[in-house]
Amino acid sequence: APIPKCDPKTQFDCGGGNCIPLSQVCDKRQHCPDGEDEPVGRCGINECNDNNGGCTQRCVDTPSSFYCDCNHGYKLVDNRTCKDINECEIPGSCSQGCFNEKGGFKCDCERGYMRDPRDLTKCKAIEGHASLLFARRRDIRKISLDHHEMTSIVNETNSATALDFVFRTGMIFWSDVTDKKIYKAPIDEGNERSVVISNDITTSDGLAVDWIYNHIYWTDTGKNTIELANFDGKMRKVLIKDELEEPRALALNPLEGWMFWTDWGSDPKIERSGMDGSHRQAIVIFDVKWPNGLTLDLVKKRVYWVDAKLNVISSCDYNGRNRRLILFSPDSLRHPFSITTFEDWVYWTDWDKAAVFKANKFTGNDVQPVTATEMIQNPMVIHVYHPYRQPDGDNHCQAVNGHCSHLCLPAPKINLKSPRISCACPENLRMLPDGLTCVQDEAFTTTVKSITYTVNSTLSDIVTERTTNKSHPTNVMPESTDDGKIAVIVIGVAFVIIVIIGFVVYLFYRKYLKRNMTSMNFDNPVYRKTTEDQFSLEKNQFPATRPYLSTVGEEAQQPLTGANPNDNV
């Protein structure tokens with residue numbers, strides 16, 4: 001073990017870490033083993049009288065020696081020299097703006113915030129009353145941060161998981177992984193829900209709203225995609241589909257055109273790309289296991305995430321640099337799922353504790369429950385509901401839709417000369433060389449890969465719907481398939497595909513009769529129905545003796561504890 005050091009301001013070092021009070025030095029009594037506390041010729045001499053002891057600021061005389069000290073706001077860089085402390089390099093010195101000065105610093109607040117009279121280093125929102133909006137699987141609730149009153153927003157959901165909102169219009173969007181749909185509803189009339197996305201969606205753990213360009217983005221961990229559509233579910237596009245394994249949380253910054261997401265697969269990471277899918281890069285690739293939740297601090301321009309396997313909250317800049325560990329707590333972060341931030345706090349949901357917690361977003365200090373533990377069964381995605389979480393910005397697509405025929409998306413802000421917007425095509429359409437115009441993809445309509453028929457209306461308002469042989473086949477035939485031979489080929493292939501599908505369904509049906517139960521396996525739970533592959537157990541090398549099992553009927557009733565099977569009990 002290292003030898004403890006004596007405090008030179010109050011103690012004398014006899015050697016070997018043996019410390020005695022300074023009052024016992026030069027008192028003509030031996031207290032150290034070899035009499036070091038009574039040095040010959042050094043007692044009663046004030047070394048500070050000679051050139052201030054060589055100290056640049058303060059010289060402090062002691063009975064047998066002296067030491068140098070610094071004024072407030074300075075620190076010793078060696079035993080004699082004092083240097084200004086840059087408090088702005090210390091996280092949390094100021095809530096927002098920080099300006100270093102000689103021997104001190106000043107704090108400033110962004111527009112819309114004011115300095116807290118009780119602590120001038122803190123910034124408080126001038127307007128609005130912040131609340132927490134969170135999904136609870138069977139409903140969606142809101143908690144006021146002023147007086148912690150809880151109100152119900154949407155009732156009788158099956159498995160509400162991810163959610164987001166548009167503060168300007170008071171509309172909330174959420175995914176239901178049992179219904180396999182995305183819904184929307186007015187926040188003050190939550191039961192007047194309508195379906196936004198209903199087909200070709202499996203398990204959406206993450207959902208985010210672009211409140212400036214009016215699109216929703218979502219992750220699908222069943223299809224391993226990130227997709228987008230407008231607020232009505234039209235103009236749908238798969239934005240990211242390669243090298244995704246378990247995409248989960250999603251966060252957007254439409255002010256700068258960036259999208260961030262987590263992936264807790266076998267190669268866990270946090271990635272970002274433009275909201276048009278360009279400039280994709282991994283920003284966190286080490287010391288990350290189960291990055292369940294993700295949120296953006298739009299003021300400080302930082303990414304925050306929770307890791308349910310490592311029991312940590314961490315943060316970094318938008319580009320992954322200046323990474324910091326905010327909090328490590330196997331108790332408070334037993335199995336966190338989602339995180340959000342506002343002012344000086346981070347808030348998160350925890351499956352095991354069945355509660356919402358908060359902590360200082362700079363230091364991780366002052367951990368406290370916002371709700372009583374075990375009060376909120378199955379807490380899922382959480383958001384702070386406040387106008388400052390969705391600041392106003394310019395919609396560069398507003399004028400003539402950015403000259404795009406279909407989708408106009410924000411492009412990432414790489415530098416001052418970066419384009420602000422990017423044109424894109426919905427599924428089954430392709431872009432012409434002009435980079436503005438989408439047309440029907442002839443290759444798509446004539447291949448057997450996916451038998452899809454696209455119905456075109458006017459050029460300014462084109463809605464595309466994707467159907468396959470597996471669901472909702474349609475008899476509408478594209479004009480380009482007049483040729484009877486092509487029709488015969490397509491019909492023949494479709495018939496073969498249907499026969500194959502029927503055979504596979506028959507095999508699965510026989511297996512179902514054998515087992516008489518469909519199992520649900522939860523590792524880092526995602527409501528994934530498994531049959532033979534036992535995907536989640538093999539993926540994380542979990543012992544087969546502790547799967548999370550329940551019948552399909554029971555699954556909607558049972559609380560989702562989500563305990564880590566790897567953890568010691």
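Predicted model: local features only at pLDDT ≥ 70, side-chain atom pairs only at ≥ 80, totals over all residues.
Lys184 belongs to strand 16 (residues 181-186). With a relative accessibility of 15%, Lys184 counts as buried, because the cut-off is under 20%.

Which residues does Lys184 touch, leaving aside those up to four places away in sequence? Among them are Met171, Ile172, Phe173 and Trp174, then Glu192, Arg193, Ser194 and Val196, and also Phe231 and Asp232.

## Phe231 and its ring partner

Searching the whole structure turns up nine aromatic pairs. One of them brings us back to Phe231: its ring centre and that of Phe173 are 5.1 Å apart, with the planes at 45 degrees, so the pair is tilted. Distant parts of the chain are linked here, since Phe173 sits in strand 15 (residues 171-176) and Phe231 in the loop between strand 20 and strand 21, 58 residues apart. Are these two residues buried or exposed? Phe173 and Phe231 are both buried.

Strand 20 has antiparallel partners in strand 19 (residues 215-220), through six bridges, and in strand 21 (residues 237-240), through three bridges. Glu227 takes part in both pairings: Trp218 has Glu227 as its bridge partner in strand 20, while Val238 is the bridge partner of Glu227 in strand 21. Each pairing is also a hairpin. Four residues separate strand 19 from strand 20, and in that turn Asn224 has a positive phi of about 60 degrees. Six residues lie between strand 20 and strand 21, where Gly233 in the turn has a positive phi of about 85 degrees.

## A closer look at Ala229

Ala229, found in strand 20, is buried with a relative accessible area of 0%. Not counting residues up to four places away in sequence, Ala229 touches Ile197, His215, Ile216, Trp218, Lys234, Met235 and Arg236. The C-alpha atoms of Ala229 and Ile197 are 8.6 Å apart, although the two residues are separated by 32 places in sequence.

Two positions elsewhere place a charged side chain over a ring: Arg323 lies over the face of Phe286, 4.8 Å from the ring centre, and Lys358 lies over the face of Trp345, at 4.0 Å from the ring centre.

## How confident is the model?

The protein chain has an average pLDDT of 81, and 79% of the residues score at least 70. Confidence is highest in strand 27 (residues 302-307), at 97, and lowest in helix 4 (residues 552-555), at a mean of 31.

Two stretches call for a careful eye. Over residues 447-483 pLDDT stays under 50, and the model has 53 contacts beyond four places in sequence for them. Residues 514-522 also stay under 50, with 33 such contacts.

Key
Residues numbered from 1 in each chain as written. Heavy atoms only, no water. Pairing = 2+ DSSP bridges. Helix = DSSP H or I, 4+ residues; strand = E, 2+ residues; numbered from the N terminus. Buried < 20%, exposed > 50% of the residue type's maximum accessible area, 1.4 Å probe, protein only. Contact = heavy atoms within 4.5 Å. pLDDT = per-residue confidence, 0-100. Phe/Tyr/Trp six-rings, centres within 6.5 Å; stacked < 30°, edge-to-face > 60°. Lys NZ or Arg CZ within 6 Å of the ring centre and 35° of its normal.
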